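Hello,

Here is the structure we talked about handing over. My notes follow it.

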Amino acid sequence: MGYKGLYLTSKESFLGCSKPYGEALVIIMGVPFDATSTYKPGARFAPSAIRAASWNMESFSLKRMADACSLSFCDVGDLDVVPGDVHQTLQRLKAVVSEVVDEGKKLLVLGGEHTLTLGVAECISGVGVIQFDAHTDLRDDYASQRICHATVARRMHEAGISLLQVGVRACSREEYEYAEENGIVLVPAHEVRRSLSYAMSRIKEFQEEHGKIYVTVDVDVLDPAFAPEVGNPEPGGLTITELISLIEECHNVAGGDVVEVTPSGGFTAFTAARIAIELMFQMH
Ligand SMILES: [Mn+2]
């Protein structure tokens, strides 16, 4: 397994019920990386915190009448990142993701900072990206960085990837205008709160247009009441129930990630683990 041997370190698996790599449809991988944080660092600690949370959660879902441990997934551990070097880390990430995708498998990445989405989504051909996020991340540069958590959506759009951004409530006028001019669809948080069915219909439309989708969940899409431990908390967000309902509308999911959790002993890692479980169900 070329790159996987070179770049991955082993960790105890998500939910503690990982299947052998060869049999698995979904590959879970942690990316413990947070070099470009501009407010609260610590997302590098999230993959292990999310796994630890998952060991203390029920894998059986009463709502779905299904057990997440019966799903076909393999947790391959963490990417061997290059601390402080976003370019080299993205290169390593792309190498591993390409190999996994070439084998016909789907990726579910546990971040890490949001920048890593660039290294995953670009390797899955023909996907439209549904981005759950408080922020548009459409800046051309931020804090003198062109590749960082605040520019990730802009770089994806420039790479030819279509975007639907759901739960947004923090963007500059320039970012808003860029979205308008470039056909990037925004479903702001206040629209989601006003009408969940409206948000669902936009997700459905986007999927009909793009077929395969990639789902990136920046956990700050949730209101800080539900997810206080994130890199850039922004009041006025979604409830976890709303977010799960929207994730359930995502079908034909070719890949996804859960990013920007900065664990510090609270419950946000549990929330992130729940989101990862729901994404994994949608990938089967
Ligand atoms: Mn964000």
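The radius of gyration is taken over C-alpha atoms, and the globule rule is 2.2 Å times the number of residues to the power 0.38. For 284 residues a compact globule would come out near 19 Å; the protein has 17 Å, which agrees. This is a predicted model: local features need pLDDT of at least 70, side-chain atom pairs count only at pLDDT 80 or more, and totals for chains, interfaces and linings use all residues. Residues are numbered from 1 along each chain as its sequence is written.

The C-alpha atoms fill a box of roughly 45 × 45 × 40 Å along the principal axes. There are ten helices and eleven strands (DSSP runs numbered from the N terminus: H or I of at least four residues, E of at least two). Buried residues (20 or more other C-beta atoms within 10 Å of their own, C-beta atoms being placed from the backbone) make up 51% of the 284.

H10 covers residues 268–282, and eleven of its 15 residues are buried, including Thr268, Thr271, Ala272 and Ile275. Those four are also among the residues that Val219 touches, not counting residues up to four places away in sequence (contact: C-beta atoms, placed from the backbone, within 7 Å). Val219 also touches Val258, Glu260 and Val261, among others.

Regards

Methods:
The expected span of a helix is 1.5 Å times one less than its number of residues. A residue is buried if 20 or more other C-beta atoms lie within 10 Å of its own, exposed if 12 or fewer, and partly exposed in between; C-beta atoms are placed from the backbone. Two residues are in contact if their C-beta atoms, placed from the backbone, lie within 7 Å.
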